[in-house]
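The following report describes part of a protein structure for a reader new to the subject. Please view the sequence and the model before reading on.

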Amino acid sequence: MVVCTNEQGLFFMAIVSHKGWYTARKLPHFDVPHTLQFITFRLGDALPQSVLRELRKKTCRLPADQRARSQRENIEYWLDQGLGCCVLRCSEMAEVLRESLVFHHGRRYELVAWCIMPNHVHVVIEPTYSLPRIVQGWKSYSARWALMHGSKSGLTLPYGQFWMRGYWDRYIRDVRHYQAAVLYVHQNPVKAGLCKRAEDWRWSSAYKGA
């Protein structure tokens, strides 16, 4: 049981359970407090169905022990191609999402590293709260803002659902894995050709600008 506050600043008690290992939408998740997690979630139109079908065809031909890694690497490649509406390119939308990420830092989780790409988001956190509820909080806050202010801000929103259901997470196994995860998060804009140096990307914890 933890003490929480609602949007009006009123205190209330909430029971927060952690699921441990579980599966949702055919994806494995590991929800354990104080376990460093590398999380990725994407906009609803970031990967067209035609691309996903082609990826399934490719991975189904591989040995079972290679499928998950191959699928993840292919998805990462296609996400970096900037498909879909890429509404997160909008500075207002990206700022709202940044605010959502940092809002519960120091309470529900320690925010270690993050990067907002045009159509997806990478985050490394150490959660003390339920991991699926953390991700749902980021998504619901930003999606509500987009639906309420999108037309006024001239945003082209994803057709159908704003965020793709679910998320991808991988718990950090050791120091080398931790360093690789943080490096990947910060270097993603460079890898995608959006900037020359990680510290130049405005929507990242690596940003060194004013």
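In strand β7, I125 lies opposite L111. Strands here are DSSP runs of E with at least two residues, helices are runs of H or I with at least four, and both are numbered from the N terminus. The model is predicted, so local features need pLDDT of at least 70 and side-chain atom pairs pLDDT 80 or more, while totals for chains, interfaces and linings use all residues. Residues are numbered from 1 along each chain as its sequence is written, and side-chain values use heavy atoms, without hydrogens and water.

**The sheet**

Strands β6 and β7 (residues 120-127) run antiparallel and are joined by seven bridges; two strands pair if DSSP finds at least two bridges between them. They belong to an open sheet of four strands, in the order β6-β7-β5-β8, with antiparallel pairing. Because β6 (109-116) and β8 (168-171) each have a single partner strand, one side of each is left without a neighbour in the sheet.

**Residue H120**

H120 is located in strand β7. This residue is buried, with a relative accessible area of 1%; buried means under 20%, exposed over 50% and partly exposed in between, with a 1.4 Å probe and protein chains only. Its side chain takes part in the polar contacts tabulated below (pairs of N or O atoms within 3.5 Å, one able to donate a hydrogen and the other to accept it; residues adjacent in sequence count only if both atoms are side-chain atoms).

| Side chain | Partner side chain | Length |
|---|---|---|
| H120 | H122 | 3.3 Å |
| H120 | N188 | 3.1 Å |
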